Amino acid sequence: MQHFVIVGILIVIMSILTYFGLDAAGLAKQMHPVSASAQAVSIDWLWDWQVIAMSSLFALIFVPLVYSLVVFRRRKGETGDGEHIEGNTTLEITWTVLPLFAVLAFAYMGAYSLGETNRVDPEAIEIKVRAQQFTWTFEYPEYGFVSTELHLPVNQQVVLKMESADVIHSFWVPEFRVKQDVVPGRVTDYRITPTLVGNYKVRCAELCGMSHYKMENPVVVDTQADYDVWIAEQQANAAAAQTPEGQGQLLTVKYGCIGCHSVDGSKLVGPSWLGIYGSTREFADGTSAVADDAYITQSIREPLAHEVLGFSPSTMPPFTLTDEEIANIIAYLKTLK
Ligand code: CUA
């Protein structure tokens with residue numbers, strides 16, 4: 001009996017030491033990036049209890065093992081066999097019932113946390129998200145504009161209706177905790193209530209191609225006043241963009257073209273658009289062509305038609321745009337000199 005008391009006390013001490021040791025090593029609470037959403041609260045709470053459970057389990061195995069090795073070791077001169085023990089009903093019932101309750105408790109905590117995370121606010125603002133290799137675009141249907149930055153008002157639930165244009169991506173803002181895949185052919189929901197004003201980033205958390213690591217866009221949590229100002233600015237920009245060039249530029253945001261094509265001459269996944277209209281394009285097979293309307297139209301609809309020297313056309317999916325959309329994009333490209 002005395003052994004059980006000593007081991008019991010040592011297990012409690014060891015559990016506490018393990019928990020604080022993990023925390024000091026940055027593996028418990030400190031590991032979290034700042035918590036910036038209402039949903040993060042129950043997720044962090046669940047995580048913390050799991051670390052406590054893991055620390056206790058570790059102590060429960062480690063302490064009796066080391067205690068037995070030290071206290072019941074064979075002493076000098078001892079040559080006899082150990083005591084023969086057969087079964088211990090009390091112990092067996094204990095180690096069946098306690099884990100059963102632990103598992104039931106965590107099942108309840110997990111279900112509770114999931115319920116909190118999915119809690120629906122009928123007033124939630126709806127924003128459409130489009131994921132594609134290798135950028136995110138955000139459409140505010142209420143206001144009629146698209147943006148490559150996601151702005152959210154603080155303390156208000158938003159529901160992101162997410163669609164993919166090509167492969168599976170995954171929407172992840174670490175500070176919000178919640179992560180959701182974006183799957184081609186269906187719309188997935190992502191509910192979040194930001195609680196902390198600040199600048200964050202959405203990262204794609206699903207390996208989606210060569211430039212997967214570049215697939216991140218700004219996420220800004222604004223005060224209501226700043227959010228209203230930003231919305232008004234975006235609406236004004238959208239209204240000012242009624243020319244073909246302006247429409248073309250909006251399309252390059254909407255379809256995510258600018259994720260791979262720069263407008264300032266820098267080399268991304270695809271050729272830069274700076275000065276591209278009317279320029280001579282050199283191809284990998286040694287031939288060349290002038291980038292006129294026909295060439296650009298073909299390059300959008302059938303990217304595999306030409307392999308521009310230094311670039312792989314297979315990273316670009318074919319885009320089925322209308323003639324008018326393509327004309328607007330060409331009008332925009334002509335302005336990039
Ligand atoms: Cu999209 Cu990784």
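**Close-up A. Cys257 is a buried residue, with a relative accessibility of 17%.** Buried here means under 20% relative accessible area, with exposed being over 50% and partly exposed in between (1.4 Å probe, protein chains only). Cys260 also counts as buried, at 11% relative accessibility. A disulfide would take a pair of cysteine sulfur atoms within 2.5 Å, and by that rule the count is 0 disulfides. Cys257 is in none, its nearest cysteine sulfur being that of Cys260, 8.8 Å away. Seen from Cys260, the closest cysteine sulfur is the one in Cys257, and 8.8 Å is too far for a bond.

A quick note on the model: it is predicted, so local features need pLDDT of at least 70 and side-chain atom pairs count only at pLDDT 80 or more, while totals for chains, interfaces and linings use all residues. Residues are numbered from 1 along each chain as its sequence is written, and side-chain values use heavy atoms, with hydrogens and water left out.

**Close-up B. The largest cavity has a volume of about 600 Å³.** On a 1 Å grid over the protein atoms alone, a cavity is a set of points where a 1.4 Å probe fits but cannot get out; a pocket is an open set with protein on both sides within 12 Å along at least five of seven lines; lining residues have an atom within 4 Å of a point. Points are joined across faces, edges and corners, and volume is the space filled by probe spheres set on them. Of the 32 lining residues, His261, Pro271, Trp273, Ser299 and Met316 are the closest to the centre of the largest cavity. Helix 6 (293-301) and helix 7 (323-334) each supply at least two lining residues, and helix 6 gives the most, with 4. Helices here are DSSP runs (H or I, at least four residues), numbered from the N terminus. The cavity lining splits into 21 nonpolar, 9 polar and 2 charged residues; Ala, Val, Leu, Ile, Met, Phe, Trp, Tyr, Cys and Pro count as nonpolar, Asp, Glu, Lys and Arg as charged, and the others, Gly among them, as polar.

**Close-up C. The largest pocket holds about 1,000 Å³ of space.** Its lining has 24 residues, with Ile11, Leu60, Thr94, Trp95 and Leu98 nearest the centre.

Close-up D. Phe4, Phe72, Gly82, Glu83 and Ile85 lie nearest its centre, out of 15 lining residues.
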